[in-house]
Amino acid sequence: MILPQEISDGATRVAAILHPPQTSHTPLPTVIPDIPRVYHQTSSEVGHRTLWVVCVLMGLSSLAFYIMAMRAQVQKRFFHVITALVTTFGFLSYYAMATGDGITPHSYVAGRSKHGAITDIVERDIYWARYVDWSLTTPILLLDLCLLAGLNGASILVTVVSDVIMILTGLFATLSRGEAQGWGWYAFACIAYLNVIYQVGYKGRYAVSSKDNKTRAFFASISLFTLLLWTAYLIIWAVADGARRINVDGEIIAYAVLDVLAKAVFGFWFLLAHDRMARTLPSIDGFWSQGVPYDGSIRVGEGRAIDDD
């Protein structure tokens, strides 16, 4: 929805009524500078309801994932917990946006005269809570995929850091004052995303090749599903926030559909398949399932114990 800002014409009426003082000099012409028109781009009732619908879906999905976690053995519960955290953060993010707390206006120049003067300014609502959500949830989603494939710690670290860089540069691109700067930040985000594709798509496929057929097929399907959705995120940003060809309602709906698929649908698919393959997937013992032992050492999995000394 675009709401033009009302500009008072009282000053113009006063100038038309008042007469300049009588002098012997030839009066100079009066120059009235053009006042830029300001437009506000905000969401309508459609976008507002969409935020609430996704908020409810994220909340219900989180509840279902926590119930699934309680039914699983502690050693097999790690994936359930981190997947439930994804939709939990999504629920909080959409609640913030639906209640108006995770929004800030961002102004940019939309039109200039032939002399270079600014004629149109647009203030568009930016849902910054969305980027906070992505900076927390996308690393967890990647952790699901990386652990499923069996990637080493170095590759997981590089993947997660590249993902965080992608999200932060996307936020900088959205809040940039100039169009050139915005597309520059967007280019950095795309470069970081290419590394995510390389780590998950290439190295992940190589790592999972040593596992059983079901795990290989499942990883290939769900990783392709995830990477295609994340590519769609970049396309939506370029059309909505970059080129500004989509209004705020369209942006909300597009991201809402992607968030439901990338978080809720991903979570149900991942956990249901995980439960079917529970016997072939590794268990996490030690500190995760048993806590700190009496001897004062912490052990995770089958690794060597680390003494407090």
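Let me begin with the second largest pocket, which holds about 190 Å³ of space, a volume being the space filled by probe spheres set on grid points that are joined across faces, edges and corners. A pocket here is an open set of points on a 1 Å grid over the protein atoms alone, where a 1.4 Å probe fits, with protein on both sides within 12 Å along at least five of seven lines, and lining residues have an atom within 4 Å of a point.

This is a predicted model, in which local features need pLDDT of at least 70 and side-chain atom pairs count only at pLDDT 80 or more, while totals for chains, interfaces and linings use all residues. Residues are numbered from 1 along each chain as its sequence is written, and side-chain values use heavy atoms, with hydrogens and water left out.

The residues lining this pocket include R205, R216, F219 and L227, and the elements giving two or more residues to the lining are α6 (179–208) and α7 (213–242). The largest share, six residues, comes from α7; helices are DSSP runs of H or I with at least four residues, strands are runs of E with at least two, and both are numbered from the N terminus.

Which helix should span 39 Å? That is α2 (residues 45–71), because its 27 residues count 1.5 Å each, the expected span being 1.5 Å times one less than the number of residues, and its end C-alpha atoms are 40 Å apart, which agrees.

Finally, of the 309 residues of the protein chain, 41% count as buried.

Notes. Buried means under 20% relative accessible area, exposed over 50%, partly exposed in between (1.4 Å probe, protein chains only).
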